[in-house]
Amino acid sequence: MPSTRQPGDTRGETPEQTGSAPMMDLLRFTTAGSVDDGKSTLIGRLLYDTKSIFEDQLEAVEGASRKLGEDHMNLALLTDGLRAEREQKITIDVAYRYFATPRRKFIIADTPGHVQYTRNMVTGASTADLAVVLVDAGKGVLTQSRRHAFITSLLGIPHMIVAVNKMDLVDFAQSVYDEIVADFGRFAARLTVKDITYIPISALEGDNVVERSTRMPWYQGGPLLSKLETVAVGARTNSIDFRFPVQYVIRPNQTFRGYAGVAVSGSVAAGDDVVVLPSGMATRIKSIETFDGPRDLADVGESVVLTTTDEIDISRGDMIVRPRNLPAVARRLDAYLCWMDATDLAVGRPYLLAHTTRRIQAIVKGIDYRVNVDTLHRDPASTLAMNEIGRVEIEAADPIFFDSYRLNSATGSFVLIDLQTNATVAAGMIRGETHDVAAATHPAAATATTVSAGVVWEGWNIPREAREARQGHQAAVLWLTGMSGAGKTTIGRLVERQLFEQGCRTMLLDGDNLRHGLCGDLGFSPADRDENIRRAGQVAHLFFEQGAIVLCAFVSPYAAGRSNVRGLMPAGRFVEVFVQADVETCRARDPKGLYAKASTGGLDQFTGVSAPYEEPAEPELTIDTRTMTAQAAAEMVIDFLRRSRLIDV
Amino acid sequence: MHTSSRGHLPQLESEGILILREVAAQFERPALLFSGGKDSIVVAWLARKAFAPARVPFPLLHIDTGHNFPETLRFRDDFARTMDCTLLVRQVQDSIDQGRVQEETGAAASRNALQTTTLLDAIKELGLDVAIGGARRDEEKARATERIFSHRDVFGQWDPRNQRPELWNLYNGRKNHGEHFRVFPLSNWTELDIWQYISAEDIPLPGLYFAHQREIVERDGMLLATTEHLRLDPSDTVSTRTVRFRTVGDATCTGAVESSASTVADIIIETAAARITERGGRADDKRSDTAMEDRKRQGYF
């Protein structure tokens, strides 16, 4: 915005007088629900109750309601725009709706709930800060509800609101609501969404949508709109890692050459040292230009023009970054892919990969598995059809500069375009590189949320890649999780012995050797268990950077804790091994006499008896020790390392 | 790139600039559809920001119905000059003279629908592969599903059933020979956002937007200006009222509203309290409940 003003100056007037709201921010959210969950009614209700609907629209809806033979105004008709939707009473494509309150402007990506569901919800979720998932109180948590939650998690949406709708049809009964909350919570525990809020509502009658309902005094929380107005925006913005994909080169004359684009994450200041990828040329930011004058700083999300002190060749598709904070560079990517086209994915066929401002040919080399989005099961697959999601390996013709999607959605996302039809056929979320030795990614990034923005990762004196090259095998962390007595340590010891015999650098960490020293101050409360696993993960990470294959045998009952450790290691280097055995088997084995002690009340908080164990949702390996010997299990682990090309023996 | 705490207008501006730069990078021959209305003025304003210090690398294209208010045309020419933009004008009258379209008859006759043919002819003549427009998704329900990069087939038609998914800010402008795109940088703006931005940036506007005295006839609850192009019916009664226009399209079908709002600040207050959508003043949308969808399928703006 320019700072100078001309006649008609409204400066000095209050925002109320001018109608402008300088502090108003913007929340993008997506709504997900099945055909009859009342999603359109909810949106209609939000628009209606926030007075975002104009009289002529209301008249049109009243007229259309009558035409459809309905005796009251059908709020869903406010949003069901296209003729076919009206006729079939369904929403068929992602539609964007807008409303504002004095606090915030809202953009709703309204995603439909029938067969094309996954593709549309992925589209709507790609830019959302929050997802509203509707559950019909009368029907409970259906398969679709789980699918919505999974996609919310996969697309990295930080906030989820579960709106339990149609409470009016179950007499506003708390028991119905409580059961749905518990049911949903069990599934959501396997996902990575951090902030879930449950709200009982009736979209049709307006309870707890904009105003607090008086008919559910047992519900202590606020209505849906107040959550939408107060949730923190920008939670998925990465403000640490500066990435500037060059969009367009501006060259009005021989004396000016500027690089137009947006700092998609992080920020840069005039005078900062930068590196240009892929050339690797170093230079410095000379100025940050905008139409409204030069700036000292280009902050995340701002469209600017950068100039550099050196005349170097920079073009669209290049990326300007900081020398000590580089993205990963690789040709082969490990990614989740959501297929969006009626023609199935063809493995091995070239597609155009659109990533930041680059367009590169790429093939899908293979499909690791297809995710059953309703059960989270992994199914073997040779292709992906429309609305299917799989984990795949991509090979690009040129190296791609990226971060994992979880850390940076702007540099971790891509789409595939069909070279013949030009259709956008798939959306991808990068997990990491596969097998390629990456350029130095900074390992602290995974826990960047706890690292202050001023901390710059200096890198290891001797990079892990150099150590790996010398020792002839890759570093990895094998994380064995399972209940006490399941056989984690036994298998871990066998695997380590075998690797050691073959000349690998190894280390074995288990609950006992850590709890006697480093973690001697910790007990078994949930908080202490979290801290124990955090320390174990950090220690494992240090050995990992030293080049070791680290075997970690920890009960580690919480999915979140294991996921945090996973985030410390590059993709493909953290191998979660679920060592499975039922309580009866463990109790029968009881190598340390703990089950006996627990059953007599001598131990509280004992996992599997008096404390919960959250099974891994997507372990790399599952070992059922009821049917498999420890030796066979060890072979299975070694074989996995070999197939993943972590070891070559 | 999602949100930051910078407030909604800078975010919308930055998004608009990003979209315009994508257009310049992905297409060979773009043009910005310019009507002299506030939305296309804002798009042109963003374009100047997007490419500064260089000139806007594409022309403004006005499809002139021949039924425009003279003050809009004067403003159009001045604005293009101030913005240092090339202005191209194509006339609906030419399409009529060439027999490409037939003028509607009757009291409700309008040249709005005829623009489609002139536009498609201009796209072909100029070899355009993309036309940038000022449409917003909040204007009309059919637009709520339209992509920012909106594909048009060889006949210039929009297929709402077969749109490309549009994710993150990865815009796919690839097309086959003969096809083209419409791109809408203001997709995520509302009418109020437009006014707030005009106020914050002090953007010049045609005088029609501000309250003035004018001769008016009232038809079906709509206030139409008496111009040489409006055919008066014997039942019409002409009166002078204080009005302004919320859109400045074809004078024969653009309705005025009674208003005393004479500054942008007044208009913002009026808009925030408005109870009628701006398209609610347009006779062509009133023809049927899905009038806009039907026109868009045929290649309308």
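# A guided look at chains A and B

Ser187(B) is buried, having a relative accessible area of 2%. Keep in mind as you explore that this is a predicted model.

**Around Ser187(B)**

- Which residues does Ser187(B) contact, leaving aside neighbours within four places in sequence? They are Tyr98(A), Ala135(B), Arg136(B), Arg137(B) and Ile148(B).
- Because buried means under 20% relative accessible area, Ser187(B) with its 2% falls in that class.

**Chain B as a whole**

- Chain B contains eight helices and 10 strands.
- Of its 301 residues, 63% count as buried.
- Take the contacts in chain B with a separation of 6 or more: residues 24 or more positions apart account for 72% of them.

**The six-stranded sheet of chain B**

- Strands of a sheet pair through backbone hydrogen bonds, in either a parallel or an antiparallel way.
- In chain B, six strands form an open sheet with mixed pairing, in the order β3-β2-β1-β4-β6-β5.
- At the edges are β3 (87–91) and β5 (149–152) of chain B, each of which pairs on one side only.
- On average, neighbouring strands of this sheet are turned by 30° against each other, direction ignored.
- Have a look at β1 (residues 30–33) and β4 (residues 130–132) of chain B, which pair in the parallel sense over three bridges.
- Within that part of the sheet, Pro30(B) stands opposite Val130(B) in β4(B).
- Helix α1 (residues 8–26) of chain B lies across β1, β4, β5 and β6 (180–183) of chain B, and runs at about 40° to β5(B).

**One side of a helix**

- Five residues of helix α7 (residues 264–272) of chain B are buried: Val264(B), Ala265(B), Ile267(B), Ile268(B) and Thr271(B).
- Why do they sit on the same side of α7(B)? They cover an arc of only 160° around the axis, which puts them there.

**Nonpolar cores**

- In soluble globular proteins, nonpolar side chains tend to be buried together.
- The largest nonpolar core here has 75 residues, and Phe29(A), Leu155(A), Phe184(A) and Leu228(A) touch the most other members.
- Strand β4 (residues 130–136) of chain A gives the largest share of this core, six residues.
- Domain 1 (15–230) and domain 3 (328–433) of chain A both give residues to this core, so the core lies between them.
- Not counting residues up to four places away in sequence, Leu155(A) touches Val122(A), Ala125(A), Ser126(A), Arg236(A), Tyr405(A), Met429(A) and Trp168(B).
- Apart from this core lies another, of 67 residues, among them Val42(B), Phe58(B), Ile194(B) and Leu223(B).

**Backbone details in the loops**

- The peptide bond from Leu277(A) to Pro278(A) is cis, with omega near 10°; Pro278(A) is in the loop between β10 (273–277) and β11 (281–289) of chain A.
- Another cis peptide bond runs from Ala52(B) to Pro53(B), with omega near 5°, and Pro53(B) is in the loop between α2 (38–51) and β2 (60–64) of chain B.
- Asp171(A) is not a glycine, although it has a positive phi of about 55°. Its loop lies between β5 (159–165) and α7 (174–188) of chain A.
- Asn422(A), also a residue other than glycine, has a positive phi near 70° and lies in the loop between β20 (413–417) and β21 (424–433) of chain A.
- Is each of these two buried or exposed? Asp171(A) is exposed, at 66% relative accessible area, whereas Asn422(A) counts as buried at 2% relative accessibility.

Notes
Residues numbered from 1 in each chain as written. Chains lettered and ligands numbered in written order. Predicted model: local features only at pLDDT ≥ 70, side-chain atom pairs only at ≥ 80, totals over all residues. Heavy atoms only, no water. Pairing = 2+ DSSP bridges. Helix = DSSP H or I, 4+ residues; strand = E, 2+ residues; numbered from the N terminus. Axes fitted to C-alpha atoms, helices over the stretch in contact; angles between N-to-C directions. Contact = heavy atoms within 4.5 Å. Buried < 20%, exposed > 50% of the residue type's maximum accessible area, 1.4 Å probe, protein only. Core = buried A, V, L, I, M, F, W, Y, C linked by side-chain atoms within 4.5 Å. Domains from an automatic or database assignment. Arc of directions from axis to C-beta.
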